[in-house]
Structure formats: structure tokens, C-alpha cells
Amino acid sequence: MKFLNGHEAKAIEGEEWKRQKSHWLGYADGLVRFSPGGWVLPTPFTKFADKYYDFKFRSTDVLVHTWAKCGTTWTQEIVWTMRNNPDLNHPMAGISVNARAPFLEFDMFMATAKKQDDNFLETFHRLCPGKDPSDGMFLQMTECAKDPRTIKSHLPLSLLPPSLLETTKVVAVLRNPKDVLVSYHHHCRLLNAHGYVGSLEEFVQYFVDDDLAYSPYWLHVKEVWEKREHPNLHIMFFEDMKADIMKELRRLDGFLETRLSDDQLDNVARHTGFGAMKTRAGDGGPASNHVNTEVLTKDGGFFRKGQSGDWKNKLSPEMEEKVNKYIEEKIKNIGVPFKFV
Ligand code: A3P
């Protein structure tokens, strides 16, 4: 099967799928690998791949573009607040950030969720009256969101429209691979859409083998880093945001041309702080109906720690060695100045 993006999809089958299936209860529709690149994605991606590649981004859009667990939700809230709510008086500010800043490709993760509740359907019919949910609820909610749209995607640049950066401002967030891995492990156990039931050790192996959904991480980072001089691309590091959020907000203000006052930037920093966002979201975070309550009670919700360096508490020396090898072999030569705080 060949797609507009020039990639071919191959179903993950045989022994490999047998192992994946036993670890990932959420991927009920299977997984595919897209080549070139070897991108691993849930099978429903194939239904929408051409639509994502042909998505009509606008000059008024801002795309928050990250790999999983790099601080996407934080950045969605920052960008949306800077553009819509710097005085903290917007009537829609209380609703879930994913409803205000839609997640372009989330339809591919609906294999389990669509069977569980119809909250998504109600929201879809309210936001996109007369549209057919089987054409992609999240895709269409993204299409019909009101201008100026803040959109989120974890898809690599090579699966998004080639004209993206010529059309639209893109805010990319990068995070050191060790914290990404630890945070993604929690996320995949917490959210039923992934339903991960394997061990952390096995998860590390999936990560270094580039076999997680959205893998390869290194290639996602490489594609972004190669475009770093593009005037429509703004790159932030999670670690820098943690170290000095006001500095990062000022840089972002310049990029987005939002021209906020110091008081407004203070508002944004306060409103998007970890504690404030966690309180507003409630325990489970943006997808609270779709979490594993045992994991939630024992290890926390979507807003887990919000820190840099938690990998030091989680990775054994053997696991760290595997990730170090991955970094040495696949990431180091890209030249991204990751901080392992
Ligand atoms: P941890 O699991 O390390 O706590 P994403 O939104 O891309 O899924 O990223 C989620 C990660 O960002 C989680 O990391 C989450 O706790 C953290 N996060 C979310 N909101 C944050 C905020 N306002 N400040 C700092 N970290 C935040």
C-alpha cells in the first residue's frame, strides 16, 4: 500500500505482532510500519494518512509539534493562552486543552476508546454538526476548529504536508530521551488507548529498537533539527522551560508575534504552571475517562511529576546503558544539545 507521503505501510505480523499484542492491549486494530523511516503507527493511521499529508494548514494556525511526552500539553496550553487568553478572562479557558487545541491524528488511537464511551461522539457532533464520525472525529474537529487554530501533532514532519513550514508557524518541543522514555512508559500504562502491560525493562527495549508507537524518536528529532534555521520553526527544550519559563515565554512571544506585556507573560506562566494545570485537569488529565485506575492510584495521572531528571530514579544501570548506547549510535551525531539534568 503506497501513500501520498511516498511511504509504504507493512502490517506488523507473525512473532513480532504476537509479542506486541501481548504487551499492548490498546492496539486492538494492530500496528503498521511505514517505510522509509520505519515509523511505527497504529493501523487506523493508514485510513487517514493521505488526509494528514494533505491537511489544509492555514497561516493563522500554530502547530505544536513534538514526539510523545516532550511537554506537548504544557506547550498547547502556553500557546493557546498567549494567543487567546493572556488576561485570563476567556470563557472557554476552563474546558480541556485538547478541546481548544485539537490533536490532529488521535483517531488512530481510538481502537479501544471508541468501544468504551461515547463522550467523544457527543463532543464531535456538537463541534462538527452533520459530519460523519467514521471520516475521523479528531481530524474533522481539527478541521472545523475556529480560527486562530492551535493544533497538536506528534507525527514526524515527513508524514505531514511538505508545505507546512511555508504556511504555518510550528512550535517544536524536544526533551531528553531518558525522561521521554520514563514519561512515555507511565503514559502507555495509564491510558487504555495504549494499554501497556509489559515491564519497564521491556519498554526500554521497545524504545531502543524503535518499536514504540511514533518511533523512531531519533528520526523525529533529526527531521526537526535539520529545519532549525527555518523562520517558521521555533524549537524549545523541556529542560529550558523548566529552568527559566519566563525566558522561554519571551522567546515564544517574539516568534508568535503576540506582543504580550510583562504582566500578561506572568499570567501565562502562572496559568500554565504544573500545579495549576494539574488542578484544572483533575487526576486523570486530558483523557480522564480512559485511564487504568490502578496505575492512576499507584503511580499518578497524566500530570505525573513535571520535572527534568526523573529518569535517574527509574532506570537501572543496565537500562541506562542501553539508552546510552542508543544515544551514542543514533542521536549524538544529529547534534541536538539535549540536557540530561
Ligand atoms: P512527566 O511524565 O515526566 O511528569 P505530553 O504533554 O507531551 O504528553 O508530556 C507530558 C509530560 O509533561 C509529563 O511529564 C507531564 O507531567 C509534563 N507536564 C505537563 N504539563 C506540565 C507543566 N505545566 N509543567 C511541567 N511539566 C508538565
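This is a predicted model: local features need pLDDT of at least 70, side-chain atom pairs count only at pLDDT 80 or more; totals for chains, interfaces and linings use all residues.
Accessible areas here come from the Shrake-Rupley method with a 1.4 Å probe, and for residues only the protein chains shown count as cover. On that basis the chain exposes about 15,000 Å², and carbon and sulfur atoms supply 51% of that area.

Residues are numbered from 1 along each chain as its sequence is written, and side-chain values use heavy atoms, with hydrogens and water left out.

Turning to the fold, the chain has 18 helices and 7 strands, these being DSSP runs numbered from the N terminus (helices H or I, at least four residues; strands E, at least two). The radius of gyration, taken over C-alpha atoms, is 19 Å, close to the 20 Å that the globule rule (2.2 Å times the number of residues to the power 0.38) gives for 341 residues, so the chain is as compact as a globular protein of that length. Along its principal axes, the C-alpha trace spans about 55 × 50 × 40 Å.

Of the 341 residues, 57% are buried, meaning under 20% relative accessible area with a 1.4 Å probe, protein chains only.

As for domains, whose bounds come from an automatic or database domain assignment, domain 1 covers 1-50 and domain 2 covers 55-101 + 145-334. Their C-alpha centres lie 23 Å apart, and the contact between them (heavy atoms within 4.5 Å) takes 19 residues from domain 1 and 25 residues from domain 2.

How values were computed: Buried means under 20% relative accessible area, exposed over 50%, partly exposed in between (1.4 Å probe, protein chains only).
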